[in-house]
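Subject: Structure for you to look over

Hello,

Here is the structure I said I would pass on. My notes on it follow below.

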Amino acid sequence: MIQTSAMTEIAEKLPMSMSQVLSGFPSEWREVWLQTPLPAFSLISTTSLTDEVLRVLRELESNGVSLKDKANVHEYLLLFPGLIDVLQEAVKSVRKHLGGCQLIVEVYRDPEIEDHYLKLCVRLKGYDESVLERLEAAEAEFIDRLVHVEGWLQVTTDFKEPEDAL
Amino acid sequence: MGKKYAKPPLVEVVCEFRLSSDTPWDLTVPGLLYEKVKGEFPHREQRLTQEVEIKHEPKGAQYQVRTSERILLFAEGRRLFIQLGPRLVAVNCLSPYPTWAGLRPKIEKAWTSLVDTVEVKGLERIGLRYINQITMASSVIRLEDYFQFYPYLGTALPQQMISFIISSEFAYHDGRDRCRVQLTTAEAPQASTFFLDIDYFLAQPKGVAVGDVLAWVDEAHDQIEAIFEGCITDRLRELFGEVK
């Protein structure tokens, strides 16, 4: 038997649809479920990459990360799933080193060569000489992870002001 | 044999085998398995994932979320890959769907390679999951025109929904197997997009003998086909371009 708080933690990890199903029920109903020998409603799904990518993108958006051309970002992460965890780590690192900044994720396509990669663009209210150093410090925390996966994630800034709506 | 469609809505198919805890497993297993499948799945990567582990105790099921390392083995084109984790092997297929005739041999390859590598004592769970993304051009539609599985709204309720999730589980073989069917709305500007998600799985640990696993997978596929057809109307079949 598990406690409600642990159930909440598990629900957060599950595909969105199951999380929403679980969180929509009153807590006393969940307790009844937890007391049955086997759950009336199966909590475990067959692991799906589509589910995982959708969940991660929703989490990023709910944490204030903007997704430019979301369908392309979704498709890129499906093709290069090794970047899913790296992207989440990169967002944490950037926030740690650059504080309150606007973050935009998009798939960048090089117009001159056949190459595309994931870009995490940072926008600040003001830029000083320490920005590039702080970006490098953020990148240093996850760049080693990129060695073992296909695809690429580039953290950068375009030195623009944060926008209200993207 | 199911219907054929020119534009099937499938975005992902997954076949997953979770081995029982008494199956021996160690760090060499992924490498040994890779040697057996690298002809078809040559590109190897690794990543961390979070997953839920179930332990069946006398008082009930105990759930733990843990982080584990997965090895991913990609076929050329990266649309088909095998995932290897502790006592877990899954075959993922992204669209375009190569049909069951194209996918089934890959599942068989993964499974027989696994059985040749480790002494599989039993299956904790087997799952075959089909995820469909269905988009209609209009942002306002009547669900009953397209689906035979959708939420029913009583006459006293508002008749226009912004979003919904509806999920049902059906039991097969006296509860040995279950099929979870879920219809969910998805974000889509100026359009109506839904995920129709069908997950057929072994609900009873060790409910299927190791030697019968592939037959189970075949039956799971047939049941999923039947459920899928049962969830949609001819209007959706037209949208998918049914090949008659």
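A pocket here is an open set of grid points with protein on both sides within 12 Å along at least five of seven lines. Please keep in mind that this is a predicted model.

The largest pocket has a volume of about 1600 Å³. Its lining comprises 50 residues, and those closest to the centre are B:T185, B:A186, B:E187, B:T193 and B:F194. By type, the lining residues split into 24 nonpolar, 16 polar and 10 charged. Elements from chains A and B contribute to this lining with at least two residues each: from chain A, helix 2 (16–23), helix 4 (49–62) and helix 5 (70–79); from chain B, strand 7 (123–136), helix 3 (143–146), strand 9 (177–186) and strand 10 (192–202).

Strand 9 of chain B also pairs with strand 8 (residues 165–172) of chain B, in the antiparallel sense and over 8 bridges. Within this pairing, B:I166 has B:L183 in strand 9 as its bridge partner.

A:D144 sits in the loop that runs between helix 7 (131–140) and strand 4 (153–157) of chain A. Is A:D144 buried or exposed? A:D144 counts as exposed because its relative accessibility is 58%, and the cut-off for exposed is over 50%. A:T157 lies 13 residues from A:D144 along the chain, and their C-alpha atoms are 21 Å apart.

Regards

Terms used: Residues are numbered from 1 along each chain as its sequence is written. Chains are lettered from A and ligands numbered from 1 in the order in which they are written. This is a predicted model: local features need pLDDT of at least 70, side-chain atom pairs count only at pLDDT 80 or more; totals for chains, interfaces and linings use all residues. Side-chain values use heavy atoms; hydrogens and water are left out. On a 1 Å grid over the protein atoms alone, a cavity is a set of points where a 1.4 Å probe fits but cannot get out, and a pocket is an open set with protein on both sides within 12 Å along at least five of seven lines; lining residues have an atom within 4 Å of a point. Grid points are joined across faces, edges and corners, and a volume is the space filled by probe spheres set on the points. Helices (H or I, at least four residues) and strands (E, at least two) are DSSP runs, numbered from the N terminus. Ala, Val, Leu, Ile, Met, Phe, Trp, Tyr, Cys and Pro count as nonpolar, Asp, Glu, Lys and Arg as charged, and the others, Gly among them, as polar. Buried means under 20% relative accessible area, exposed over 50%, partly exposed in between (1.4 Å probe, protein chains only). Two strands pair if DSSP finds at least two bridges between them.
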